[in-house]
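Here are a few exercises to work through with the model open in your viewer. Try each task before you read its solution.

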Amino acid sequence: MRRKQTTFLVLLALHLLLILAVCVKSTIANYMGFYGVTSPKPARQTLQIADALSGLPGVYHYSVLAGIDAGYGFFAPNVASEYVLSFDCYEAEGTLLYRRTMPGFRQRESATRYVTMLGAFQDKLVAIMDGEEDASDVRQRHLNAIVRSMAMNMLEKDGGVSRIQAKLYLYDFPSLIESRRVEPRSRLIEVESFDVRRR
Amino acid sequence: MGQSVRYGGALSFFFRRTAEDYYFLPFFRVSVALLFLVHWCATCTDFHLLYGRHGILASDLAELFKESWIPSFNQVSQLLTRAVGTTEATSILLFHALAVGGSLLLGLGFFARPAAILLLIMHLTLAKGSYMYAYGIDYFKTIALFYCCLFPVGAQWSVDSRRSHADPSEVNPTPFRRVLQLHLSIVYFFSGLDKALGYNWWNGEAVWKAIHLPYNKTALGSMLTPLASWPWLWAAMGWAVVLIELCYPAFIFPRRTRIVWLSLTVLMHVGVMFFLNLPYFGMLMIILNLSAFLDLGKREPLSASRKDNLRNWH
């Protein structure tokens with residue numbers, strides 16, 4: 001009985017150690033990402049150890065199966081911005097037929113998932129702001145391909161549309177401080193535009 | 001000597017059967033199964049748009065950076081097409097049937113562990129196979145289903161226990177509940193720490209921004225917009241969230257503060273449900289909290305004399 005209990009405790013200790021390693025890694029990475037700082041040596045070393053531990057083959061696979069492969073910094077250290085992807089659909093003569101900002105979902109939760117996907121475009125904004133937007137970067141090309149493929153999909157489904165202008169916007173809402181001075185109204189800041197035509 | 005006492009203390013903390021844990025295993029099993037079922041139904045009519053081959057995202061783009069060792073729904077569907085010639089629509093139908101059937105089996109505790117394994121595999125196929133659609137709830141669903149696979153969740157109040165005629169008191173639920181309790185404590189501590197490191201949580205800007213996000217906005221949240229002129233209120237909300245999460249491990253374990261902290265945490269998640277438009281995420285977190293820390297002790301039936309006393313009193 002005692003041996004069984006000891007085994008249980010050892011396995012639990014390893015499980016919790018892995019959770020802690022992933023959380024520490026995520027916290028340090030989030031902090032550095034948010035404040036744009038290079039970490040001091042002890043933090044860097046901790047990050048390396050946590051990275052090495054959680055990235056071991058077998059250990060990593062276990063963490064994915066157990067759902068402990070990511071930290072828990074939801075809405076932290078800052079609430080991330082959201083993006084709006086709008087598709088302006090034009091007919092052959094150039095008349096705007098309609099604008100679509102959300103696929104035709106029938107369930108609210110599907111929209112939540114779609115919005116999660118749009119969060120990936122944060123990488124694009126960060127790259128633009130840092131002046132590091134590299135058209136050959138595979139992540140950037142992936143995001144561009146996503147927008148184009150969504151537009152192509154819409155072209156395929158609606159024969160009346162001959163051109164789609166897809167625009168990626170950053171949603172901006174006045175901060176709490178600003179809202180005391182100005183009317184709190186949202187606005188969309190254009191990040192990038194894509195032109196997709198029927199072939 | 002000291003070490004042996006500490007080890008004994010650890011053994012007692014983990015293995016001494018506690019009355020309030022009595023119904024932990026069936027409570028956890030049934031609530032996780034129900035949540036899985038409800039959440040599955042929440043996207044079932046749009047399933048083809050999210051995960052199908054001709055959905056919103058082209059499948060090769062959706063799967064480009066996914067874990068190579070976890071198949072996506074599209075890969076499973078193509079495999080079925082090659083093996084038995086089914087169409088994607090049939091594969092979707094099969095997935096729905098397996099999800100509903102699996103959650104019913106888990107809820108009833110009929111082949112509970114195989115059902116939990118099936119649901120975990122299906123869940124990972126969607127959450128990791130189409131990782132771009134995955135958000136917070138998917139991590140916690142993985143955790144909950146993983147624990148359903150490991151814990152003896154079918155040992156009590158289940159078809160399995162009836163079939164095997166096993167004595168439910170043979171299984172001690174306390175060590176398993178401790179695992180969930182410790183896991184949640186780490187989750188909340190780090191969630192609070194990450195927020196505490198961001199200055200926007202201390203001045204209220206984070207709460208303000210969160211409830212005004214375009215897709216999370218609710219009518220209830222919009223009603224708070226005129227309160228912008230009371231910045232201390234927003235700061236207080238931010239402080240409250242940080243403190244509830246950061247101090248969770250310290251206040252949730254002691255008996256005297258547990259009910260207060262559990263109530264505050266549940267209230268916070270109710271806020272997430274109604275103000276951030278994340279009902280399923282809020283529901284799952286409430287389920288995990290109640291499973292871990294609610295008094296789930298066996299209630300003794302009233303004795304005949306106590307019943308008489310109550311009757312006379314009325």
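A residue counts as buried if 20 or more other C-beta atoms lie within 10 Å of its own, as exposed if 12 or fewer do, and as partly exposed in between. Keep in mind that this is a predicted model.

**Exercise 1. A loop in chain A**

Task: Find A:Asn78 and work out whether it is buried or exposed.

Solution: 
- Start with the location: A:Asn78 sits in the loop that runs between α3 (59-66) and β1 (83-90) of chain A.
- Now count neighbours. A:Asn78 has 21 other C-beta atoms within 10 Å, so it is buried.
- Next, see who it touches. Setting aside neighbours within four places in sequence, A:Asn78 contacts A:Phe34, B:Gly198, B:Asn200 and B:Ala206.

**Exercise 2. Chain B as a whole**

Task: Sketch the make-up of chain B. How many helices and strands does it have?

Solution: 
- Count the elements: chain B has 17 helices and zero strands.
- For dimensions, the C-alpha trace of chain B spans about 65 × 65 × 55 Å along its principal axes.
- Of the 314 residues in chain B, 44% are buried.
- Take the contacts in chain B between residues at least 6 apart in sequence: 73% of them join residues at least 24 apart.
- Finally, the core. The largest nonpolar core has 121 residues, and B:Val32, B:Ala116, B:Leu119 and B:Cys148 touch the most other members.

**Exercise 3. Helix packing in chain B**

Task: At what angle do α2(B) and α6(B) cross?

Solution: 
- Begin with α2 (residues 24-41) and α6 (residues 88-108) of chain B. Their axes come within 8 Å and cross at roughly 165°. That angle makes α2(B) roughly antiparallel to α6(B).
- The residues in this contact include B:Phe36 and B:Leu37 from α2(B), and B:Ser103 and B:Leu106 from α6(B). Sorted by class, the residues of the contact between α2(B) and α6(B) are nine nonpolar, two polar and one charged.
- Turn to α7 (residues 112-127) of chain B. α6(B) and α7(B) pack at about 140°, their axes 8 Å apart, and their crossing is left-handed.
- Among the residues making the contact are B:Gly102 and B:Leu106 of α6(B), and B:Ala116 and B:Leu119 of α7(B). The contact of α6(B) with α7(B) has eleven nonpolar, two polar and no charged residues.
- Zoom in on B:Leu119. Not counting residues up to four places away in sequence, B:Leu119 touches B:Phe36, B:Gly102, B:Ser103, B:Leu106 and B:Leu145.

**Exercise 4. Where the chains meet**

Task: Which element of chain B gives the most residues to it?

Solution: 
- Count each side: chain B puts in 57 residues and chain A puts in 56.
- Elements of chain B that give two or more residues include α1 (2-15), α8 (136-150) and α10 (174-196).
- α10(B) gives the most to the side of chain B that touches chain A, with eleven residues.
- By class, the side of chain B that touches chain A holds 38 nonpolar, twelve polar and seven charged residues.

Technical notes: Residues are numbered from 1 along each chain as its sequence is written. Chains are lettered from A and ligands numbered from 1 in the order in which they are written. This is a predicted model: local features need pLDDT of at least 70, side-chain atom pairs count only at pLDDT 80 or more; totals for chains, interfaces and linings use all residues. Helices (H or I, at least four residues) and strands (E, at least two) are DSSP runs, numbered from the N terminus. Two residues are in contact if their C-beta atoms, placed from the backbone, lie within 7 Å. Axes are lines fitted to C-alpha atoms, for helices over the stretch in contact, and angles run from 0 to 180 degrees between N-to-C directions. Angles under 35 degrees count as roughly parallel, over 145 as roughly antiparallel, 65 to 115 as roughly perpendicular and the rest as oblique. Ala, Val, Leu, Ile, Met, Phe, Trp, Tyr, Cys and Pro count as nonpolar, Asp, Glu, Lys and Arg as charged, and the others, Gly among them, as polar. A nonpolar core is a set of buried Ala, Val, Leu, Ile, Met, Phe, Trp, Tyr and Cys residues joined through C-beta atoms within 7 Å. A crossing is left-handed if the near helix is turned anticlockwise from the far one by less than a right angle, and right-handed if clockwise.
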